[in-house]
Amino acid sequence: MRLLTHNLLTSHVKGVKSGFPLAIEATDIAVKDVDFNPDFISRMIPRIEWAALSQALEMVGHAGKLPEALPEGYESNVDFLKTAHHCLMEIEVIEGHLICPESKHRFPIQNGIPNMLLAADE
């Protein structure tokens, strides 16, 4: 699961009012090369919850890779876009769990795929 995916996921457990951001409990993390596409990254940046991305990077052992705030003019800052690309697209959680911040429900991640399905009674 790429951190881009993590940033877009939320818990849908019954009764949960705030299911975002999900905590990451990773047992296997990989860094995989992905072709850099600056247009894609610059279009995705406005959709990213920046604080949640920073927390996710910390949870997977890559804290401090991004600035605390989104820099002005990021669209034309190639160095920043490359760093954001690395964080969003190349750091991948292979095995572990996503944990709802409110209910503490654990969603498994297997082979890089988060399973967000709930039982009928959840």
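Reply: Both Trp-50 and Phe-80 are buried, where buried means under 20% relative accessible area, exposed means over 50% and partly exposed lies in between, for a 1.4 Å probe and protein chains only. The model is a predicted one, in which local features need pLDDT of at least 70 and side-chain atom pairs count only at pLDDT 80 or more, while totals for chains, interfaces and linings use all residues. Residues are numbered from 1 along each chain as its sequence is written, and side-chain values use heavy atoms, with hydrogens and water left out.

Rings of Phe, Tyr and Trp (its six-membered ring) are taken to pair if their centres lie within 6.5 Å, with planes under 30 degrees apart counted as stacked, over 60 as edge-to-face and the rest as tilted. By this rule there are two aromatic pairs. One of them joins Trp-50 and Phe-80 in a tilted arrangement, 5.9 Å from centre to centre and with 35 degrees between the planes. This pair links distant parts of the chain, since Trp-50 belongs to helix H3 and Phe-80 to helix H4, 30 residues apart; helices (H or I, at least four residues) and strands (E, at least two) are DSSP runs numbered from the N terminus. The rings of Tyr-74 and Phe-80 have centres 6.2 Å apart and planes at 65 degrees, so that pair is edge-to-face. Tyr-74 is buried, as is Phe-80, and the ring pairs join Trp-50, Tyr-74 and Phe-80 into a cluster.

Trp-50 is one of the buried residues of H3, which are Trp-50, Ala-52, Leu-53, Ala-56 and Leu-57. They cover an arc of only 160 degrees around the axis, which puts them on the same side of H3, the arc being that of the directions from the helix axis to the C-beta atoms. These buried residues pack against H1, E1, H4 and E2, with contact meaning heavy atoms within 4.5 Å.

Phe-80 sits in H4 (residues 78-90), whose buried residues also include Leu-81, Ala-84, His-85 and Leu-88. Their cover includes helix H1 (3-8), strand E1 (23-31), helix H2 (38-44), helix H3 (50-59) and strand E2 (91-99). At the N-terminal end, H4 is capped by Asn-77, a side-chain oxygen of which lies 3.3 Å from the backbone nitrogen of Asp-79.

Ile-91 has its place in strand E2 and counts as buried because its relative accessibility is 0%. Its contacts, not counting residues up to four places away in sequence, include Leu-57 and His-86. Further along the sheet, E2 and E3 pair in the antiparallel sense over four bridges, and Gly-96 stands opposite Ile-109 in E3.

Conventions
A polar contact is a pair of N or O atoms within 3.5 Å; within protein, one must be able to donate a hydrogen and the other to accept it, and residues adjacent in sequence count only if both atoms are side-chain atoms. Two strands pair if DSSP finds at least two bridges between them.
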